[in-house]
Amino acid sequence: MNHLLARSVLKHVIAAGNCGGIHLSSSGAAASARVFDGDSVVKGHGSSMVLIAWRRMMSTAAESSSAAVEKKSSGAASEKAEKDDVIVSSYWGVSRPKITKEDGTEWPWNCFMPWEAYRADLSIDLGKHHVPKTFIDKVAYRTVKLLRIPTDVFFQRRYGCRAMMLETVAAVPGMVGGMLLHLRSLRKFQQSGGWIKALLEEAENERMHLMTMVELVQPKWYERLLVLTVQGVFFNAFFVLYLMSPKLAHRVVGYLEEEAVHSYTEYLKDIESGAIENVPAPAIAIDYWRLPKDATLKDVIIVIRADEAHHRDVNHFASDVHFQGKELREAAAPVGYH
């Protein structure tokens, strides 16, 4: 390989020399050719010109090789970065198209889409209360009041942690009710009247409350342990309760939501008094409730409280339907609020 390269260089040098008025004799060329047969020192006629050309060619080759390697490396890095930014379509062709906000920036959330965001109804009556009249109403009301005692003792006025715990419980009833109505619809070949979607909407909305509160309050290990315990107990208890008496189950949730409205009202009082810092709203809350960019914690608590008031009304309404001896599918479900 070295011999072929050397001869090629030599031919180019001779040609350049002849064109430029420099003559290399055959003996000089032969002497120069012998230079490249080994690692010996260049000697003979015309050897200086050959050595210069050789060095230039090798330098150019090295630079070209280095540039090619660098370009290849840069291209690979660029390709990898591009792959990381793009959601790769799977074998099954399942992929999510690029979604942008109204201002043209990329939509940053996978947990909800822009068409699932909404503006809370702040005109809702926050002070509405269902006065317990029947025996079942009184059982539901007393049960909720009893459950509030350990919560007050444990959290006291730490409303951020209290809200986090409340939302882990509040997101359970809608899921349980929606699941059982779904199974009932499958068993009886009946429509649900929209109540499956309405209850699952409620569960999802409560879950988004939790995702927001987690951004504001970093739960400690023992609070996480408490969440696991409470959720395990409450899910199974509510599941059995809904099977036994949907009217009682919905009434309990209605009173739980009344307590939630009260708790968030107290939370707001502490924010307004300065006991709790009115920090900027988390980005997820701004996009989910379509809040202004400069929204604060106070704005977030106001919209969450409005949501809880809506859930209160929906569950008391569902319980009333059952009290009238009807099934939920016979009454129009409040679908599409969220």
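Surface patches are made of residues with over 30% relative accessible area and no salt bridge, like charges being joined within 9 Å and nonpolar side chains (Val, Leu, Ile, Met, Phe, Trp, Tyr) within 5 Å. The model is predicted, so local features need pLDDT of at least 70 and side-chain atom pairs count only at pLDDT 80 or more, while totals for chains, interfaces and linings use all residues. Residues are numbered from 1 along each chain as its sequence is written, and side-chain values use heavy atoms, with hydrogens and water left out.

F154, W221, Y222, L225 and L228 make a nonpolar patch of about 570 Å² (Shrake-Rupley method, 1.4 Å probe, only the protein chains shown counting as cover for residues). Helix α7 (residues 221–244) gives the most to this patch, with four residues (helices are DSSP runs of H or I, at least four residues, numbered from the N terminus). L225 of helix α7 is partly exposed, at 47% relative accessibility (buried, under 20%; exposed, over 50%; partly exposed, in between; 1.4 Å probe, protein chains only).

Twelve salt bridges occur in the structure (a side-chain nitrogen of Lys or Arg within 4 Å of a carboxyl oxygen of Asp or Glu). In one of them, D287 pairs with K101, with the closest N and O atoms 3.3 Å apart. D287 lies in helix α9 and K101 in the loop between α3 and α4, so the pair ties together parts 186 residues apart in sequence. D287 is buried, with a relative accessible area of 11%. Another salt bridge joins K145 and E259 (2.8 Å, N to O). K145 lies in helix α4 and E259 in helix α8, so this pair links parts 114 residues apart in sequence. K145 is partly exposed at 29%, whereas E259 is buried at 13%.

Methods:
Helices (H or I, at least four residues) and strands (E, at least two) are DSSP runs, numbered from the N terminus.
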